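Hi there,

Here is the structure I promised to pass on. Have a look at it first, and then read my notes below.

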Amino acid sequence: MTLGLGVTTFMFFFTYLPQAAVMTFTSGPLAAISAGLLVLSESSTILTLLSKTFLIDDALVDTFDGVLLSKNSTDLVSEGRQIQAGGDPIAKLGKLVKKPFAKFTPKAIIRYVIYLPLNFIPVVGTVVFILLQGKRAGPAAHTRYYQLKRWNKAQQEKHIEQYRGAYTGFGVAAVLLEIVPLASILFAFTNTVGAALWAADIEKQHITKEGTAPKLREQAKSAE
């Protein structure tokens, strides 16, 4: 919370008025609101970058894997870490085989900076900016799931395209929650829990389909 308060205060003190002044020419009376949302988004991005890089990266991985274990996806989690004996999901988490959550890359930062000017367009620009951020954030929330499934880039893209609308919706909700002042780190954990629960549901659907297909083929042969 101290880090979040410090980053948000710093950004509002040094960047709010200049951005609000520029937005006066594009947003008119809505400049104050648009500039505030923009500063919150910028503060959230900086806070997320710092916290996920130096503070909570391992904790988010443990949270994701722990939720999967609680949903009986032990075989899936075992692809990415050792599973120990224990009474609760977190106690069962052993040594990581790989650390999946990608930190901010130069490409992601450049993309964010390119999208920022959209906020100078009244209302619509901010909405489009959040939608674009959500479109990226949704699939990114399942980075750990893709690794546990051992999917290559083509398999990931095929899966994402299949769930495109759902991923965008999840991503937009996650982005909106994580720009809440002083609570972005908390919502990073709740978003991770939500992503893991969704991954567990998807995995159950895959298992059901894989188990059903052979039975359908056998029934078709019997009917012949």
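Helices (H or I, at least four residues) and strands (E, at least two) are DSSP runs, numbered from the N terminus. This is a predicted model, so local features need pLDDT of at least 70 and side-chain atom pairs count only at pLDDT 80 or more, while totals for chains, interfaces and linings use all residues. Residues are numbered from 1 along each chain as its sequence is written, and side-chain values use heavy atoms, with hydrogens and water left out.

The protein has ten helices and two strands, in the order α-α-α-α-β-β-α-α-α-α-α-α from the N terminus. Of its 224 residues, 40% are buried (buried is under 20% relative accessible area, exposed over 50%, partly exposed in between; 1.4 Å probe, protein chains only).

Helix α3 covers residues 57-70. Ten of its 14 residues are buried, including Leu60, Val61, Phe64 and Leu68. After α3 comes asparagine 72, with a positive phi near 65°.

Helices α2 (31-54) and α6 (124-140) each supply at least two of the patch residues, and α6 gives the most, with four. Valine 128 sits in α6 and is partly exposed, at a relative accessible area of 31%.

Enjoy exploring the model!

Best wishes

Key. The expected span of a helix is 1.5 Å times one less than its number of residues.
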